[in-house]
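Subject: The structure, and some notes on it

Hi,

Here is the structure I promised to pass on. Have a look at it first, and then read on for my notes.

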Amino acid sequence: MIPEIEKASATAIKTFQEEKLRELLQYVNTLSPYYRKLFRKHKLSISKINTLEDLQRIPTTTKDDLQQHNDSFLCVPKNQIVDFVTTSGTLGEPVTVGLTDGDLERLAYNEAISFACAGIGTDDILQLTTTMDRRFMAGLAYFLGVRKLGAGIIRVGAGIPELQWDTILKFRPTYLIVVPSFLLKLMQYARENEIALSDSGIKGAICIGEPLRNPDFSLNVLGQKIRDEWDIELYTTYASTEMSTAFTECTAQQGGHHHPELIIVELLDENERPVDDGKEGELVITTLGVEAMPLLRFKTGDMMTAHREPCPCGRNSLRLGPVLGRKKQMIKYKGTTLYPPALHNALNDFPEVDSFVIELYHNNIGTDEIRIKIATKSTATNLLARIKDHFRSKLRVTPTITVRPIEEIARLRSSKLGRKPVSVIDLRAR
């Protein structure tokens with residue numbers, strides 16, 4: 001199930017996207033109060049924007065714009081909205097996104113071709129270990145996508161390893177849709193209850209929400225921990241509520257594939273200029289085929305790299321490397337530039353660390369500081385010293401690290417909407 005456009009040449013893909021871009025510009029110029037006003041303010045004529053390069057004439061859209069002018073992005077009357085979702089609010093107040101019936105169909109198609117990208121077919125059964133409620137788009141998207149693909153799905157929901165294993169053993173799913181760190185909890189439960197992982201029937205996991213790979217696509221510490229004990233394929237997928245589109249790994253596992261019929265991709269530097277392929281940049285997207293809230297040049301805040309060489313799977317579409325971090329969470333600490341995933345990776349080397357939260361704040365002279373709070377059952381007196389030595393070796397810096405009660409860490413990690421745990425708390429004034 002590879003869309004023909006993904007097998008087309010780079011030139012054909014670009015021509016196809018430019019035609020879709022012109023259709024989008026006509027649509028938002030007619031129906032979007034926000035973009036009509038933006039075009040007038042900057043004296044932009046959409047008739048002069050015909051190529052992907054011409055997109056740079058249009059100012060970018062930010063998360064702040066969506067928060068401050070949320071309803072102005074709507075291109076349809078509210079009585080045509082059939083589903084209301086909100087973003088996770090990781091870096092600010094959640095944003096409401098409305099979807100029409102057509103948008104839900106687009107969402108289903110996106111996930112169907114994304115699952116197929118990972119080699120999932122109609123004979124497979126997927127176990128959904130994330131929530132579908134609490135205004136969470138991803139859980140709904142996974143359900144709709146599996147249904148459209150023609151595979152089976154079991155909606156277990158978040159947490160409760162005992163229920164997850166009861167479902168695995170009873171219904172024999174072949175894939176899990178899961179946050180990677182939760183796989184560690186499933187593995188621990190299996191060990192404690194003498195469940196043989198090799199007899200589970202699980203072939204692979206579609207992993208969301210946490211990075212599993214290094215920039216060279218090798219497994220990071222978390223990914224390797226899982227594979228060392230459970231011999232299943234791990235597929236990463238990247239998406240956001242605002243883009244209503246996923247970038248999922250194929251069986252070659254060399255980055256998340258771009259769906260050219262659904263989204264236009266740019267990677268920009270801090271001056272909003274395109275970066276070269278293989279260079280780090282902020283992902284900026286333009287949605288195609290969205291009816292309710294299409295976005296032009298939306299800055300996701302996620303830093304990553306693009307790869308354009310043909311993939312062994314037969315697709316010629318661009319691939320995105322793993323998320324290196326969020327632009328707003330970049331840390332300049334003692335002369336070193338870091339993103340939180342690098343801290344996660346270092347902490348994941350210690351099985352004694354049961355849970356953690358990373359706090360970012362400014363000291364009294366206004367520079368960045370890092371405070372890591374961990375929970376552990378270990379009684380080893382040298383644990384903190386070992387962790388600090390490991391940070392010094394891996395990252396060349398040593399943040400402040402303290403041991404706190406598990407209840408405190410759980411409270412700090414609880415998000416406002418309770419959909420996914422928070423591992424980074426940014427207290428820095430912007």
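How many residues lie between β8 and β9 in their hairpin, and which residue in the turn has a positive phi? Six residues lie between these two strands, and Q253 is the turn residue with a positive phi, of about 55 degrees. Before you go further, please keep in mind that this is a predicted model.

Let me stay with β8 for a moment. This strand covers residues 245-249, and five of its five residues are buried.

β8 has partners on two sides. With β7 it pairs in the antiparallel sense over four bridges, and T237 is the residue opposite T248. The hairpin of β7 and β8 has four residues between the strands, with S244 taking a positive phi near 50 degrees. With β9 the pairing is antiparallel too, over two bridges, and here T248 stands opposite H257.

These strands belong to an open sheet of nine strands with mixed pairing, in the order β4-β3-β5-β6-β7-β8-β9-β14-β13. At its edges stand β4 (152-155) and β13 (306-307); each has a single partner strand, so one side of each is left without a neighbour in the sheet. Further along, β9 (residues 256-257) and β14 (residues 319-320) run antiparallel and are joined by two bridges, with L320 as the bridge partner of G256.

Helix α6 (residues 137-149) packs on it, touching β3 (125-128), β4, β5 (175-178) and β7 (233-240), and the direction of α6 makes about 150 degrees with that of β4. The 13 residues of α6 reach 18 Å from first C-alpha to last, close to the 18 Å expected at 1.5 Å a residue. Its buried residues include M137, L140, Y142, L144 and L149. Just after α6 comes G150, with a positive phi of about 95 degrees. The other helix, α8 (residues 180-192), lies across β5, β6 (204-207) and β7, at about 120 degrees to β5.

S198 sits in the loop between α8 and β6 and is exposed, with a relative accessible area of 70%. Its C-alpha atom is separated by 7.4 Å from that of D231, although the two are 33 residues apart along the chain. H258, in the loop between β9 and β10, is buried, with a relative accessible area of 4%. Beyond its neighbours within four places in sequence, H258 is in contact with E6, Q17, F247, I263, I264, V265, S317 and L318.

There is a second sheet to show you: an open one of four strands, in the order β10-β11-β12-β15, with antiparallel pairing. Here β10 and β15 (325-326) are the edge strands, each with a single partner, so one side of each has no neighbour in the sheet. β12 and β15 are joined by two bridges, and D302 stands opposite R326.

Now for the nonpolar cores. The largest has 49 residues, of which Y35, F39, I58, L283 and L320 touch the most other members. Elements that each supply at least two residues of this core include α2 (10-31), α3 (33-41), α5 (101-117), α6 and β11 (281-287). Not counting residues up to four places away in sequence, Y35 touches V28, T61, F73, P294, L295 and L296. Apart from this core lies another, of 21 residues, with F356, I372, L383 and V397 among them.

In general, an α-helix has 3.6 residues a turn, so residues three or four places apart point the same way.

Enjoy exploring it!

Best wishes

Terms used:
Residues numbered from 1 in each chain as written. Predicted model: local features only at pLDDT ≥ 70, side-chain atom pairs only at ≥ 80, totals over all residues. Heavy atoms only, no water. Pairing = 2+ DSSP bridges. Contact = heavy atoms within 4.5 Å. Axes fitted to C-alpha atoms, helices over the stretch in contact; angles between N-to-C directions. Core = buried A, V, L, I, M, F, W, Y, C linked by side-chain atoms within 4.5 Å. Buried < 20%, exposed > 50% of the residue type's maximum accessible area, 1.4 Å probe, protein only. Expected span 1.5 Å × (residues − 1).
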